[in-house]
Amino acid sequence: AGKTDIGMVRETNQDAFRIAVLADGIGFALVCDGMGGVKGGDEASASAKRIITSIVREGVKEDMTDDELHDLLLRAIYEANRYIYTQSQQNPGLTGMGTTALAAIITPKCAYIGHVGDSRLYQFHAGQFYQVTRDHSRVQELIDMGQITPEEARLRPDRNIITRAVGIAADVDVDLLDLQLTHGDRLLLCTDGLSGLCTDREMSEILSSHPIEEVTEQLIAAANRRGGYDNITVVVIEN
């Protein structure tokens, strides 16, 4: 299940998401959070959604190896990066545009993740809620250096500054992850419009206590109750 919401403050929604079944037993989910002005953010997230989805859809086949699935995600994100960067160089109105990208190819036993930026993947497994991805952001670097706590990071004015994005340079560094799944696991993919406003405890309680079709609505409502300062995008997968 997936849903995106403009929030309570922004005039446009620069987030984008895609959910699909690609082959028997193989799912796909993608969340993008655009940046670079109204026009640029829209263009970057929409282009990433279109290109990444298309390449993954055409490339996925049954019985692919772990390495083949990772290579497919890399190729899709690299191609999106190349296109967005070229467009930003050729069109002055799009200069500096970029987007986060969080893409997942999901089989019954494993999720294969490609990740750039600060959109997040969480897993609910055996009653526990975990953040799987690590933000590519300035505040995450400060957390890693022990200079601030995660709680302090949530309140900092520079919390939205990311250190990696798709389309802002000719090359992009992509994190690749494997996530083992068991029956009943739930995955949450979201933009920082959710994770920047709701605590892990709040997200975990909602994720674990509603049917997935209701989880998206409930999480977005929770973020909006806390101010809805950004666009909010939520994708939930149940194995």
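Me: Contact means heavy atoms within 4.5 Å. Which elements are included in what covers the buried residues of α6?

Reply: The model is predicted, with local features needing pLDDT of at least 70 and side-chain atom pairs pLDDT 80 or more, while totals for chains, interfaces and linings use all residues. Residues are numbered from 1 along each chain as its sequence is written, and side-chain values use heavy atoms, without hydrogens or water. In helix α6 (residues 200–209), E202, M203, S204, I206 and L207 are buried (under 20% relative accessible area; exposed is over 50%, partly exposed in between; 1.4 Å probe, protein chains only). The cover over these residues includes β7, β8, β10, α5 (192–195), α7 (212–225) and β11 (232–238).

Me: In what order do the five strands of the open sheet stand, and what is the sense of their pairing?

Reply: Helices (H or I, at least four residues) and strands (E, at least two) are DSSP runs, numbered from the N terminus, and two strands pair if DSSP finds at least two bridges between them. Strand β7 (residues 120–125) pairs with β10 (residues 186–190) over five bridges and with β8 (residues 128–131) over four; Y122 faces L188 in β10, whereas Q123 faces Y130 in β8. The order is β1-β11-β10-β7-β8, and the pairing is antiparallel.

Me: Is strand β7 largely enclosed or open, and how many of its six residues are buried?

Reply: β7 has two partner strands, as it pairs with β10 and with β8. Helix α6 also touches β7, and the α6 direction makes about 55° with that of β7. Strand β7 is largely enclosed by the rest of the structure, because the number of its six residues that are buried is five.

Me: Which residue takes a positive phi in the hairpin of β7 and β8?

Reply: Two residues lie between the strands of this hairpin.

Me: How far apart are the axes of α1 and α2?

Reply: Axes are lines fitted to C-alpha atoms, for helices over the stretch in contact, and angles run from 0 to 180 degrees between N-to-C directions. Helix α1 (residues 37–59) packs on helix α2 (residues 66–90) at about 145°. The contact involves, among others, I51, I52 and I55 of α1 and L72, L73 and I77 of α2. The axes are separated by 9 Å.

Me: How many residues apart are R10 and D230, which link distant parts of the chain?

Reply: A salt bridge is a side-chain nitrogen of Lys or Arg within 4 Å of a carboxyl oxygen of Asp or Glu, and the structure holds twelve. R10 and D230 form one of them at 3.2 Å, N to O. R10 is partly exposed at 40% relative accessibility, whereas D230 is buried at 11%. R10 lies in the loop between β1 and β2 (15–23) and D230 in the loop between α7 and β11, a separation in residues of 220.

Me: Which residue forms a salt bridge with D135?

Reply: D135 lies in the loop between β8 and α3 (138–144), and its partner, 15 residues away, is in strand β7. Both residues are buried. The closest N and O atoms are 2.7 Å apart, and the partner is R120.
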